[in-house]
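Here is a brief report on a single protein chain. It covers salt bridges, a helix crossing, a surface patch and some backbone angles.

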Amino acid sequence: MGERRLKCIPLRNVAIVGGIITNIDIKRSFSIKAAELAFEEDNGYVFVVCQVDGAVVRPEFSDMYRVGTLVKIIERFSMPGGVTKLMVKSEKNCPMIDFDYEDGMYHAVITDEELYTSSEEKLEILKNMCGEVTEELFRESPRYPMEISKELSRETDEDVRLNKLAQYVFSVDNQQYIEYFDRIERYEYVVAKIRDELNVISVEKSVEDAISNKMQNVNRDYILREQKKAIEEELGDSLEDDELGVFRKKIDTLNVSDDLKKKFLKEVDKLGKIHPSSADYFIVYNYIEYVLELPWNTYKDDRDDIKEVQRILDEDHYGLEKVKERIIEYLAVRKLTNGNNKGTILCLVGPPGVGKTSIAKSIARALDKEYIQMSLGGIHDEAEIRGHRRTYVGAMPGRIISSMHNAKTSNPLFLLDEIDKVYNDMKGDPSSALLEVLDPVQNVKFRDNYLEVPYDLSKVMFIATANNLSTIKQPLLDRMEIIEMGGYTEYEKLNIAKKYLIRKQMLDSGVDNITFSDGALLEIIRNYTREAGVRNLEREIGNVCRKAARKIVEGGVTSFKITQSNVAKYLGIPKFTDSEIENGVGVCTGLAWTGAGGDTLSIEVSAIDGKGELVLTGHLGDVMKESARTALSVVRSRASEFGIDKTFFEKHDIHIHVPEGATPKDGPSAGITMTTAIMSAVTGRAIVKGLAMTGEITLRGNVLGIGGLKEKSLAAHRLGVKKIVVPKDNIKDIDEIPNIVKNSIEFIPVGTIDQVFNVSYGV
């Protein structure tokens with residue numbers, strides 16, 4: 001018995017018995033290298049051994065089993081994904097006494113230990129026993145083809161024949177098997193496994209016999225029931241008192257077309273032919289019961305008093321005039337058309353916390369409609385919208401039909417919340433399924449896979465909400481009427497807090513003796529919450545109310561008055577501070593739009609000695625990187641006009657940085673801001689204070705229009721900006737900006753970068 005040192009391939013969750021030809025897939029670089037060198041240097045011989053834990057990437061000796069297999073590589077194949085497939089012939093199982101990593105691959109020291117037998121007499125008995133149980137296994141179970149039996153009978157080497165039996169016929173723990181070096185132990189292990197398999201086969205046969213006998217009884221019961229039904233019909237006995245009769249009566253009273261009634265009656269007839277103990281019986285029964293409970297052309301009278309609707313909307317929400325106006329228009333059209341107008345599909349778009357969901361609830365209350373809310377955030381399975389076909393186990397309707405089922409009316413208000421967060425994957429595209437739901441022409445005959453019949457959604461008033469239109473697919477966006485809900489001004493937030501938020505939080509906290517001064521609310525708005533909506537404002541007010549509730553319970557204090565001077569006592573140090581925007585040499589303030597509303601960002605530029613490179617930092621997206629390159633080209637094209645040396649850009653690097661580098665930034669509106677900052681850094685001219693700007697730039701210096709001007713203006717107003725440079729194409733959008741913002745900020749429309757320079761530093 002000698003020792004050999006061979007190249008080694010660690011395997012994950014695979015152990016190989018000796019004497020067979022099999023395939024091995026390897027992917028790790030050290031395994032591929034060992035296979036290549038073994039094929040070239042060692043006549044293809046390599047040692048393979050299984051890891052104890054397949055998750056270990058770089059195993060040590062302690063991570064490996066101590067018995068592996070000596071194999072010879074016959075062929076190598078390169079597969080997609082960096083996988084190499086090896087066809088190997090296993091020689092024998094050997095113990096491993098050492099394992100190390102050297103020259104970029106593993107090596108193993110093995111011993112050529114042979115199988116041994118302690119008792120020849122016992123071995124012969126086990127061989128005969130193994131032959132008998134193997135023959136019984138192939139005779140009793142069709143799972144094991146006779147070709148395997150013939151292959152085993154042709155094998156002359158007894159050890160190889162036993163290995164093949166263990167490998168091919170049934171599932172064994174290969175690692176446990178190859179660690180038996182006594183032939184008697186291997187035979188005992190295999191015989192025990194075959195006997196276990198024979199026991200399983202015996203149980204399966206007894207179960208099959210029981211099922212067969214039960215099916216015979218079911219068929220007998222079905223024949224007897226049919227005979228009984230025929231006798232009762234011949235005698236004139238009424239069958240309308242059973243469940244099938246109840247279903248037929250309900251179908252007869254449904255307000256649906258004759259074709260639908262025929263379809264449902266056909267399902268009832270099918271149910272009558274199925275035995276109640278059959279699984280199909282419950283599938284058909286549940287289907288009939290479900291469709292009969294759906295609201296088929298069952299309508300609830302809406303409130304059509306326009307003045308009352310206006311009063312309720314004003315009572316529930318401050319501002320939002322555009323949304324309220326659209327609802328009143330819908331009601332007016334509905335009244336003039338006697339309710340025949342197509343279902344209105346509105347999409348409320350705006351930052352979080354501006355009241356998109358709450359205005360939908362208010363609309364339902366104003367119109368006296370049933371309210372359904374369906375959150376679409378994270379949906380990626382088309383079956384969530386269209387449902388499953390009844391052929392699938394556990395099939396159910398989609399969430400649209402399920403919601404209609406719960407509404408009990410055919411004309412509810414249906415809120416599709418977070419429609420911009422619908423995704424698609426291998427399970428389908430929910431956005432495409434929503435096209436049929438939201439198209440006023442198609443939703444008259446919406447088809448759910450579970451119902452298998454058209455359902456009318458045209459009288460449903462759909463309202464969708466979204467934070468960002470860019471993530472909604474264009475065909476779906478085309479079906480909806482977009483109503484933008486921008487952020488609120490400080491004055492609007494103040495009124496919302498006084499009219500709604502304080503009362504709600506006091507009620508939730510159980511406090512009824514606390515007052516907020518206007519100064520306190522403005523302090524919270526300015527220094528504790530900087531947001532487009534009022535969600536964080538409500539949280540901070542609730543925080544104050546909870547602290548007051550605690551003091552009341554502890555005793556000693558009965559009433560509270562929150563003023564500007566004592567807000568910090570309840571809310572701690574202010575989260576934000578009022579600071580002027582930092583314009584100067586090479587520093588310019590831009591305006592940005594995000595899913596949470598408008599925001600300001602400071603763009604810093606520095607010209608330093610270098611080789612004419614452009615350095616960009618601040619986690620910028622591809623669009624902003626392109627804007628930076630364009631801005632630099634525009635500045636270089638105007639170098640002579642500003643007295644800049646021609647060699648300046650060859651000897652200096654231009655470094656553009658947008659602070660808060662951990663926050664990703666992208667968008668097509670930072671072009672003129674970057675151009676102005678670069679020109680300021682190169683010429684040394686300071687940008688005037690109190691100025692912000694937004695707009696994209698072309699190579700020829702033209703200023704392009706942007707989106708989200710209202711949100712950007714609100715953000716600038718919060719920071720005390722006095723002037724905003726905007727593209728002249730956006731003059732029309734200024735009308736949408738609240739008067740309090742327009743009265744405090746001067747909007748300067750520009751068409752070229754030269755006009756921007758004139759405003760920025762009086763060039």
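## Basis

Buried means under 20% relative accessible area, exposed means over 50%, and partly exposed lies in between (1.4 Å probe, protein chains only). This is a predicted model, in which local features need pLDDT of at least 70 and side-chain atom pairs count only at pLDDT 80 or more, while totals for chains, interfaces and linings use all residues. Residues are numbered from 1 along each chain as its sequence is written, and side-chain values use heavy atoms, with hydrogens and water left out.

Helices (H or I, at least four residues) and strands (E, at least two) are DSSP runs, numbered from the N terminus.

## Salt bridges

A salt bridge is a side-chain nitrogen of Lys or Arg within 4 Å of a carboxyl oxygen of Asp or Glu. By this rule there are 33 salt bridges.

Lys421 pairs with Glu418 in one of them, at 2.8 Å from N to O. Lys421 is partly exposed because its relative accessibility is 26%. Glu418 is also partly exposed, at 22%.

## Buried pairs across the chain

Arg390 forms a salt bridge with Glu267, and their closest N and O atoms are 3.1 Å apart. This pair links distant parts of the chain. Arg390 sits in the loop between α13 (383-386) and α14 (399-407), Glu267 in helix α8 (residues 258-272), and the two are 123 residues apart. Both Arg390 and Glu267 are buried. They also belong to a network of salt bridges that links Lys263, Glu267, Lys270, Arg390 and Glu452.

Lys369 and Asp302 meet through their side chains in another salt bridge, at 2.9 Å from N to O. Lys369 lies in the loop between α12 (356-367) and β8 (371-375), and Asp302 in the loop between α9 (279-293) and α10 (306-316), so the pair ties together parts that are 67 residues apart in sequence. Is Lys369 buried or exposed? Lys369 counts as buried because its relative accessibility is 8%. Asp302 counts as buried too, at 11%.

## Helix crossing

How do α10 and α12 run relative to each other, and at what angle do their axes cross? The axes come within 9 Å and cross at roughly 150°. That makes α10 roughly antiparallel to α12. Axes here are lines fitted to C-alpha atoms, for helices over the stretch in contact, and angles run from 0 to 180 degrees between N-to-C directions. Angles over 145 degrees count as roughly antiparallel, under 35 as roughly parallel, 65 to 115 as roughly perpendicular, and the rest as oblique.

## Nonpolar patch

Val203, Val207 and Ile211 make a nonpolar surface patch of about 260 Å². Patches consist of residues with over 30% relative accessible area and no salt bridge; nonpolar side chains (Val, Leu, Ile, Met, Phe, Trp, Tyr) are joined within 5 Å, like charges within 9 Å. Areas come from the Shrake-Rupley method with a 1.4 Å probe; for residues, only the protein chains shown count as cover.

Ile211 is placed in helix α6 (residues 183-235). Ile211 is partly exposed, with a relative accessible area of 49%.

## Positive phi

Most residues other than glycine have a negative phi. Asn43 has a positive phi, near 60°. Asn43 is in the loop between α1 (29-41) and β3 (45-50) and is exposed, at 53% relative accessible area.

Asp103 also has a positive phi, about 55°, and is not a glycine. Asp103 is in the loop between β5 (83-102) and β6 (105-111). Asp103 is exposed, with a relative accessible area of 56%.
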